[in-house]
Amino acid sequence: MSRKKNKRHVPQDIPDVELNIMPFIDIFSLLNTFLLFTATFVSIGLLRVQVPFLSNATPDSKPTRSLDINVDVGRDQIVLRTAYTIAPTDKTSNSFSSSPDGIAAFHRALIDLKHRNPRDDKVTLYSDEDVSYHKLVEVLDAIKIDDSIDTSDGVTDNNKLYPKVVMGSVLL
Amino acid sequence: MAVSGGASTETISLPITPMLDIFSILVTFLLMSYSSDPISHDPNPALELPDSKTTVSLDEVPAVVVSKNEVLVNDKKVVTVIGGTVEKRHTTQGAIYPLFQELVKLNTTNKNYADASAKSGGDKVSTLTLEMDKNHRFELMKMIMLSAQQAKFVTFKLVVSKEKS
């Protein structure tokens with residue numbers, strides 16, 4: 001029924017109409033050229049660390065009890081040492097291998113430590129001289145990056161687990 | 001060929017739909033991967049950056065670049081790196097002396113700029129952005145950090161390659 005109806009209404013004298021797509025192609029070409037020239041295929045990020053320095057600030061007259069967290073990075077193992085600044089110091093020491101699994105376990109131990117001491121935000125890192133820079137960055141990631149932060153949600157800073165890292169080995 | 005004969009009036013139309021398809025896909029891909037980082041910086045071709053999960057973006061061009069073979073301060077070669085370390089004659093007290101001299105000049109320039117522009121400049125003056133090859137050992141990194149520490153730089157921004165999540 002409907003087909004018959006449609007056929008009846010087809011006009012007989014419509015000229016051939018062609019869409020002019022040349023401007024569209026021009027725009028696409030220009031956009032492509034601009035994007036290809038300005039594209040950066042390596043996304044660059046930053047990790048902030050500090051070195052120890054001498055300060056002439058007067059020390060706290062009433063020191064508070066806080067947790068000292070030290071990380072020793074060797075070629076094959078990572079040692080996490082903790083101690084409170086005021087007695088009882090409750091010293092602990094845990095070793096992890098420097099394999100990806102070991103670094104993941106080290107990261108979980110730091111998360112656990114953060115849950116128990118949420119106010120502490122500083123880690124002092126000591127490294128052996130033969131440790132490669134990329135291994136050190138893996139350890140820094142494990143110390144600083146909070147995996148629970150959803151980075152797909154426009155988060156610009158996920159360095160929130162232990163944001164302050166002091167390179168303890170860099171001393172004269 | 002038929003057209004070149006001259007007699008035929010047959011029109012040949014080039015199918016541009018596949019080309020449009022390619023263009024659309026390419027534009028979509030480029031727009032999706034377009035970086036909106038505040039600074040666009042191409043790493044030195046003579047080095048490979050370590051991968052990191054950080055989301056913090058680069059905010060200034062690295063001042064110190066440590067490639068596989070040399071140490072550069074603002075693109076000026078300061079010292080040669082041989083076998084992952086610096087020749088003994090360039091080192092004093094664990095630091096690299098020519099690098100220390102360049103960093104003192106850089107810190108003075110930064111400080112003068114901060115004073116002239118009446119900004120606090122505290123962060124800029126004491127912060128150094130470091131781009132380094134991922135295969136170097138901590139031995140070299142320590143020498144560079146010691147040189148910078150003596151030139152009054154206490155905070156370092158380590159340049160890394162962001163891992164794609």
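Q: How many residues does the contact take from chain A and from chain B?
A: Chain A gives 40 residues and chain B gives 43 residues, where two residues are in contact if their C-beta atoms, placed from the backbone, lie within 7 Å. This is a predicted model, in which local features need pLDDT of at least 70, side-chain atom pairs count only at pLDDT 80 or more, and totals for chains, interfaces and linings use all residues. Residues are numbered from 1 along each chain as its sequence is written, with chains lettered from A and ligands numbered from 1 in the order in which they are written.

Q: What does β1(A) pair with in chain B?
A: Strand β9 (residues 155–162) of chain B, antiparallel, through seven bridges; two strands pair if DSSP finds at least two bridges between them. A:Leu46 has B:Val159 in β9(B) as its bridge partner.

Q: Changing topic, which residues touch the most other members of the largest nonpolar core?
A: A:Ile143, B:Val64, B:Leu99, B:Ile144 and B:Met145, in a core of 64 residues. A nonpolar core is a set of buried Ala, Val, Leu, Ile, Met, Phe, Trp, Tyr and Cys residues joined through C-beta atoms within 7 Å. A residue is buried if 20 or more other C-beta atoms lie within 10 Å of its own, exposed if 12 or fewer, and partly exposed in between, with C-beta atoms placed from the backbone.

Q: What does B:Met145 touch?
A: Leaving out residues up to four places away in sequence, B:Met145 touches A:Val51, A:Met167, A:Val170 and B:Phe156.

Q: And how many residues are in the hairpin between β2(B) and β3(B)?
A: Three residues join β2(B) to β3(B). Strands β2 (residues 64–66) and β3 (residues 70–73) of chain B run antiparallel, with three bridges, and B:Val65 stands opposite B:Leu72.

Q: Which residue takes a positive phi in the hairpin of β3(B) and β4(B)?
A: B:Asn74, near 50 degrees, in a hairpin with two residues between the strands. β3(B) pairs with β4 (residues 76–82) of chain B over four bridges, in the antiparallel sense.

Q: Last one: why does A:Ser99 count as exposed?
A: Because A:Ser99 has 11 C-beta neighbours inside 10 Å. A:Ser99 lies in the loop between β4 (92–97) and α3 (100–116) of chain A.
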